[in-house]
Amino acid sequence: MDRLRHQQLETQPMWGRSGRGNDGETAASRPHELIAFVGSARRTKAHMLVGEVSATLRQKHRLDVDMLDLSDTGPSLCTLSRAELDSRSLALVETIERCNGLIIGCPVFQGSYPGLFKHVFDLVSPRALRNKPVLITAVGGGLRHSLVVEHQLRPLFGFFEAATVSTAIYACAEDLIPDSEIAELLQARITNAAQQFATLVSNPAATTMS
Ligand SMILES: Cc1cc2nc3c(=O)[nH]c(=O)nc-3n(C[C@H](O)[C@H](O)[C@H](O)COP(=O)(O)O)c2cc1C
């Protein structure tokens, strides 16, 4: 069984380290990008869960994912006008819009997604994620709000007409202990969701209505 690879889960600003390829181009400028976006500005267990999904995609499907979070935004994120966004915030929004597949990582706040997480998607063009594969994950303090993935996150990406994968992944904080094994059921869910996501990413026509 896999052990948590928390060393890999440092939040690395995309325009600093992890998003830069060997040839110096940024993730924002690379085509066919798979992006993970975590709705937190500090490193959380939501990053750990997304890291597990990304590791599964890399190991089993040879898919690389760049992880972004709210620390990749700039000071003007809290505007409703794209024209008023600073360059970092705009680049984040545009990277989400241009990606070919999106993994969502979300801490649960007050029974829902964090307000700033939603605000980023308020700035995303309504058609930008149409038919694009989206894998939903969330982490809460306990199990009480586990349906946040189905009752809040899935409808949000339904608005965008995204191709959300059938298996959403919810974990509670105690499921994600650094250097500890992930429970078999959670690991199976990660494996299943990653398989569905990889299938859609490698076959974009499958997400498009004829
Ligand atoms: C403001 C705030 C509100 C929260 N509300 C909930 C909640 O309604 N339901 C829940 O399960 N966890 C809630 N939590 C717990 C977080 O979701 C949980 O601690 C986090 O995802 C685990 O990651 P971390 O400990 O690395 O931050 C809340 C945490 C904060 C800070």
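**Close-up views of a predicted model**

**Figure 1. Overall arrangement of the protein.** Five helices and six strands make up the secondary structure of the protein. Read from the N terminus, the order of the elements is β-α-β-α-β-α-β-α-β-β-α. Of the 210 residues in the protein, 42% are buried. Among the contacts with a separation of 6 or more, 77% are between residues 24 or more positions apart.

Figure 2. The pairing of β1 with β3 is parallel and extends over five bridges. Within this pairing, Ala36 has Ile103 of β3 as its bridge partner. Strand β1 also runs parallel to β2, to which four bridges join it. In β2, the residue opposite Phe37 is Leu68.

**Figure 3. Helix α1 within its surroundings.** Helix α1 consists of 17 residues, and its first and last C-alpha atoms are 23 Å apart, close to the 24 Å expected at 1.5 Å a residue. Because 12 of its 17 residues are buried, α1 is largely enclosed by the rest of the structure. The buried residues include Lys45, Ala46, His47 and Met48 towards one part of the list, and Ser54, Thr56 and Leu57 towards another. The cover over the buried residues of α1 includes the strands β1, β2 (66-69), β3, β4 and β6, together with helix α5. After α1 comes Arg62, which has a positive phi near 55 degrees.

**Figure 4. Thr56 and its contacts.** Thr56 belongs to helix α1. This residue counts as buried because it has 21 C-beta neighbours inside 10 Å, the threshold being 20 or more. Apart from neighbours within four places in sequence, the residues in contact with Thr56 are Ile190, Thr191 and Ala194. Thr56 and Thr191 are separated by 135 residues in sequence, yet their C-alpha atoms are 6.8 Å apart in space.

**Figure 5. The two sides of helix α5.** Helix α5 (residues 184-202) contains 19 residues and reaches 27 Å from its first C-alpha to its last, close to the 27 Å expected at 1.5 Å a residue. The buried residues of α5 are Ile190, Ala193, Ala194, Phe197, Ala198, Leu200 and Val201. These residues lie on the same side of α5, because they cover an arc of only 160 degrees around the axis. An α-helix has 3.6 residues a turn, so residues three or four places apart point the same way. On the other side of α5, the exposed residues are Glu184, Leu185 and Ala188. The elements that cover the buried residues of α5 include helix α1 (45-61) and the strands β1 (34-38), β3 (101-105), β4 (133-140), β5 (163-164) and β6 (169-172).

Figure 6. Val148, Val149 and Leu153 are buried in α4. They cover an arc of only 80 degrees around the axis, and they therefore lie on the same side of α4. The cover over these buried residues includes β3, β4 and β6. The face turned away from the buried side of α4 carries His151, Pro155, Gly158 and Phe159, which are exposed. Just after α4, the phi of Glu161 is positive, at about 55 degrees.

Terms used. Residues are numbered from 1 along each chain as its sequence is written. This is a predicted model: local features need pLDDT of at least 70, side-chain atom pairs count only at pLDDT 80 or more; totals for chains, interfaces and linings use all residues. The expected span of a helix is 1.5 Å times one less than its number of residues. The arc is that of the directions from the helix axis to the C-beta atoms. Two residues are in contact if their C-beta atoms, placed from the backbone, lie within 7 Å. Two strands pair if DSSP finds at least two bridges between them.
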